[in-house]
Amino acid sequence: MTALYKIPSALLILLWIYTGLDKLFRWGASRKAFHNQIFPAELAEVLAFAVPITELLIAGLLLFSVSRWWGYLSSILLLTVFTTYVGLIWVGAFPRVPCNCAGILNSLGWEEHFIMNLLFIALGIYGLYQHLIKKPKAVASGSSGC
C-alpha cells in the first residue's frame, strides 16, 4: 500500500519538473510560445516567468510529506486551469489556435493534451485522497495534543 501511496506524487513531480525545466532550458522558444497565446502581451510576459517557477515550486511541495497536501491541491488547481484552456482551444472557442509550448507535449494534439491533463487531475485527486486518509487523526482533526 505504501508504494501505491507514493506513485501519484512521483508522477506529478516528474510532470512538473519536466515541464518547468523544459520552459527554462528552452527559454526563448517558451517565451515566444507564451506570446503566441490568445492573451495580452503583458500577461504573456508575466506567465513566461511565473508558470515554470510555479511548476517547479509545486514539484517541491510534493517532495515533502509536510507540504504534499498543498502540492496536490496546487497540482489539481493548475492542471484544471490548463485543462480548461486546452478544452476551450480544442472546441474552437478562440479566433485562432495557438501552439503548444512544452517539449514532448508539443507533439500531442489538443484532444490528447486534454485527456492527459484529465488523467493527471485524477492522479492529483487520488493522491490528495490517499494523503488525507493516511494523515494521523490528531493532525487531521486540528488538535494539538495538549
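Which side chain meets Arg 26 in a salt bridge?

1. Asp 22 is the partner of Arg 26, at 3.0 Å from N to O. A salt bridge here is a side-chain nitrogen of Lys or Arg within 4 Å of a carboxyl oxygen of Asp or Glu. Asp 22 is buried, at 12% relative accessibility. Arg 26 is partly exposed, at 35%. Buried means under 20% relative accessible area, exposed over 50%, and partly exposed in between (1.4 Å probe, protein chains only).

2. A note on the model. It is predicted, so local features need pLDDT of at least 70 and side-chain atom pairs count only at pLDDT 80 or more, while totals for chains, interfaces and linings use all residues. Residues are numbered from 1 along each chain as its sequence is written, and side-chain values use heavy atoms, leaving out hydrogens and water.

3. The whole structure holds 3 salt bridges. Another one joins Lys 23 and Glu 55, with the closest N and O atoms 3.1 Å apart. This pair links distant parts of the chain: Lys 23 sits in helix 1 (residues 2–25) and Glu 55 in helix 3 (residues 41–63), 32 residues apart. Helices are DSSP runs (H or I, at least four residues), numbered from the N terminus. Lys 23 is buried, at 4%. Glu 55 is buried too, at 1%.

4. Glu 45 and Arg 31 also meet in a salt bridge, at 3.0 Å from N to O. Glu 45 lies in helix 3 and Arg 31 in helix 2 (residues 27–35), so the pair ties together parts 14 residues apart in sequence. Glu 45 is partly exposed, at 24%. Arg 31 is partly exposed, at 34%.

Definitions and conventions:
Helix = DSSP H or I, 4+ residues; strand = E, 2+ residues; numbered from the N terminus.
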